[in-house]
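Hello,

Here is the structure I promised to pass on. My notes on it follow below.

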Amino acid sequence: MAKAAKPRYCRIERRGFEQVARGNGGENDAADRNGIQVIARAASILRELNTARDGLSLAELASRLGLARSTVQRIVKALSDEQLLTPTSRHARVRLGPLLVLLGANAKLDVIELVRPIMQKLSAKLGETVDLSVLQGTSALFVDQVTGNNRLSAVSKPGQLFPLHSTANGKALLASVEGDEWRALLPARLPTDTENTITSIDSLESEIDEIRKRRLAFDLEEHTLGVCAIGAWFADPTGRSYAISVPVPSVRFADTLDLRNAVLAAQREIAAAMHSSDPTP
């Protein structure tokens, strides 16, 4: 009688925090190594794009990472199919995709959950939309929003990236950066979004000094004509910078005293909530 074939098995070895599956032959080992290498390269691509507001081309990614363009192309296609990357309209570039925004929002869920009731209260008091942004590389990333009840409202979608120099939330985030380190977050030439955009670094520096004194930032139709905004920053327990902002159609932005007081009060309430939720002694 022929001997029964020995069953194949899979043994799990723990090495630090990594689990490696082992089979009878070397084919599984090679497949595992290749898979891990692809994941590492995909992570490198995501890290590079995290600091590139306008995205990067395949050639730029290949050059920065020291990989073959064909390799980058295959990984970028796979990431794009999963909505982790999305194409831009500029020079066949790619940038971080919408799914990453949702994943990132889940990672910041505690901050959003903590701040949202305060945003809701502020929105109800003013009747205006309230946005929550976080400093993401060289941009302000919208991560949450409470929509106002006015028929004419300024609304943007969470997940969008906005410039730092021409928005209220962006300038508030710049002001939150220590000393003059904010300069490193801006391009050499500031883009002109509207005729009111500040495009001089010296003028922007003066504005940031004023923002730090009054703890409020303003967008006076600098990013979009017809829309003004006011913003204030705060930090989470890890020191990461966030900003709440209230975009308002310019026709309702004439009298800002109540708006300023309400936003400052919300900022103080958020800061107190952050302090009380900080687990560190």
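Leu 161 touches Arg 95, Gln 136, Ser 139, Ala 140 and Leu 141, leaving out residues up to four places away in sequence. Contact here means heavy atoms within 4.5 Å. Leu 161 sits in strand S7, residues 161-162. Helices (H or I, at least four residues) and strands (E, at least two) are DSSP runs, numbered from the N terminus. Because its relative accessibility is 32%, Leu 161 counts as partly exposed. The cut-offs are under 20% relative accessible area for buried, over 50% for exposed, and partly exposed in between, with a 1.4 Å probe and protein chains only.

A word on the source. This is a predicted model, in which local features need pLDDT of at least 70 and side-chain atom pairs count only at pLDDT 80 or more, while totals for chains, interfaces and linings use all residues. Residues are numbered from 1 along each chain as its sequence is written, and side-chain values use heavy atoms, with hydrogens and water left out.

Asp 54 also turns up at a pocket. Ala 52, Arg 53, Asp 54, Thr 138 and Pro 187 lie nearest the centre of the second largest pocket, which has 17 lining residues. On a 1 Å grid over the protein atoms alone, a pocket is an open set of points where a 1.4 Å probe fits, with protein on both sides within 12 Å along at least five of seven lines; lining residues have an atom within 4 Å of a point. The space in this second largest pocket is about 390 Å³, taken as the space filled by probe spheres set on the points, which are joined across faces, edges and corners.

Next, Ser 123. Helix H5 (residues 109-126) holds Ser 123. Ser 123 counts as buried because its relative accessibility is 5%. A polar atom of the Ser 123 side chain lies 2.7 Å from the backbone oxygen of Glu 128. Beyond its neighbours within four places in sequence, Ser 123 contacts Glu 128, Val 130, Val 146, Thr 147 and Gly 148.

Helix H6 (residues 168-176) is mostly covered, with nine of its nine residues buried. Those buried residues pack against strands S5, S6, S8, S9 and S10 and helix H7.

Overall, the protein has eight helices and ten strands. Of its 281 residues, 41% are buried.

Best wishes

Conventions
A polar contact is a pair of N or O atoms within 3.5 Å; within protein, one must be able to donate a hydrogen and the other to accept it, and residues adjacent in sequence count only if both atoms are side-chain atoms.
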